[in-house]
Amino acid sequence: MKKVLFIAFIIILNNPTFSQKYGEVGLFVGSSYYFGDVYSTPSKDAHTSFGLNYRQNFNSRWALNFLARYALISGDDANSNVAFETQRNLSFQSDVYEFGSVVEFNFLDFKPFKPQSFFKIADVFTPYAFVGITLFYHNPKAYLAGNLYELRPLSTEGESYNKVSVAIPFGFGFKFRLSDRFLLGLAAEFRPTFTDYLDDVSTRYPVSPDGLSKTGRDLSNRALEPQGSGGNSWGAQRGNPYNNDWFSYAGFTLSFNLKKNPGSCHFNPSK
């Protein structure tokens with residue numbers, strides 16, 4: 001079976017449909033957003049994000065895109081109109097560093113080079129969709145008395161979690177071929193994750209604050225009014241443990257085609 005799969009793989013790579021393989025390097029610039037337990041809106045909590053892409057195009061329909069991204073995400077209950085969130089009064093911000101790859105499918109034929117003749121149909125535009133897997137690092141922090149503290153070491157919910165997690169990126173966008181060497185892409189990208197601690201909020205306040213440091217207690221329980229029935233918030237609900245957190249991007253990529261158009265050569269024998 002392994003030999004059969006290997007032979008099939010070689011046949012696919014040598015198929016004429018893959019003869020137009022070419023690579024692109026690109027720069028991504030856009031905005032980053034967060035969806036989780038702490039209140040957040042795109043109008044107030046959008047931040048500039050940027051990154052690098054390397055796209056390997058196998059033919060006019062399929063491509064594999066390797067990416068590296070940086071994003072800042074944040075949320076603040078003080079901006080919420082929900083009474084529970086306003087009284088809970090939590091906030092956070094986190095730098096996110098992401099690495100991974102996605103498989104892209106172009107809905108229209110999208111070939112690497114624009115025809116030199118205006119009388120030919122140019123494949124210069126296509127909508128596309130993608131899905132993949134990425135690994136990311138996050139480190140939620142919050143301000144207290146003018147100082148910024150890392151939240152994970154303080155165990156604000158009495159729990160430990162990993163700063164490294166996995167996301168399943170998916171989304172859609174549009175590609176525009178500006179020339180033989182330059183391509184513009186616009187995309188909306190979504191990142192459901194395998195963690196509920198992008199914001200350091202997931203379950204309940206610790207039952208007792210005795211195991212927390214003074215700073216840990218102050219950052220764990222910032223409620224304006226008691227959230228529990230016992231006259232304080234300890235042991236009461238703090239977040240929603242049933243839904244993991246998301247982050248997302250919206251932006252554009254400017255890419256450079258690493259393969260020169262052979263049809264532009266003056267001595268091209270095919271012309």
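Helices (H or I, at least four residues) and strands (E, at least two) are DSSP runs, numbered from the N terminus. The model shown is predicted, so that local features need pLDDT of at least 70 and side-chain atom pairs count only at pLDDT 80 or more, while totals for chains, interfaces and linings use all residues. Residues are numbered from 1 along each chain as its sequence is written, and side-chain values use heavy atoms, with hydrogens and water left out.

**View 1. Lysine 214 in helix α4.** Lysine 214 belongs to helix α4, which covers residues 214-220. Buried means under 20% relative accessible area, exposed over 50%, and partly exposed in between (1.4 Å probe, protein chains only); lysine 214 is exposed because its relative accessible area is 51%. A polar contact is a pair of N or O atoms within 3.5 Å, where within protein one must be able to donate a hydrogen and the other to accept it, and where residues adjacent in sequence count only if both atoms are side-chain atoms. Such a contact, at 2.6 Å, links the side chain of lysine 214 to that of aspartate 218. Leucine 154 is 60 residues from lysine 214 in sequence, with 9.5 Å between the two C-alpha atoms.

**View 2. Glutamate 85 in helix α3.** Helix α3 (residues 83-88) holds glutamate 85, whose side chain makes a polar contact of 2.6 Å with the side chain of serine 80. A salt bridge is a side-chain nitrogen of Lys or Arg within 4 Å of a carboxyl oxygen of Asp or Glu, and for charge Lys and Arg count as positive and Asp and Glu as negative, with His and the chain ends not counted. Although glutamate 85 is buried, it has no salt bridge, and arginine 88, the nearest side chain of opposite charge, is 4.4 Å away. Contact means heavy atoms within 4.5 Å; leaving aside neighbours within four places in sequence, glutamate 85 is in contact with Asp37, Tyr39, Asp77 and Ser80.

**View 3. Alanine 250 in strand β11.** Alanine 250 sits in strand β11, which runs over residues 246-257, and counts as partly exposed because its relative accessibility is 31%. Once neighbours within four places in sequence are set aside, alanine 250 is in contact with Phe28, Gly30, Ser31, Tyr33 and Ala187. Phenylalanine 28 and alanine 250 are 222 residues apart in sequence, yet their C-alpha atoms are 9.9 Å apart in space.

**View 4. Two residues with positive phi.** Most residues other than glycine have a negative phi. Alanine 145, in the loop between β6 (141-144) and β7 (147-150), has a positive phi near 55°; its relative accessibility of 76% is why alanine 145 counts as exposed. Aspartate 200, in the loop between β10 (182-192) and α4, also has a positive phi, near 70°. At 2% relative accessibility, however, aspartate 200 counts as buried.

**View 5. Phenylalanine 50 and a nonpolar surface patch.** Phenylalanine 50 lies in strand β2 and is partly exposed, at 45% relative accessibility. Together with Leu27, Val29, Leu52, Phe107, Leu108, Phe125, Phe174, Leu186 and Phe252, Phe50 makes a nonpolar surface patch of about 880 Å². The elements giving two or more residues to this patch are β1 (22-35) and β2 (47-57). Patches are made of residues with over 30% relative accessible area and no salt bridge, like charges being joined within 9 Å and nonpolar side chains (Val, Leu, Ile, Met, Phe, Trp, Tyr) within 5 Å; accessible areas come from the Shrake-Rupley method with a 1.4 Å probe, and for residues only the protein chains shown count as cover.
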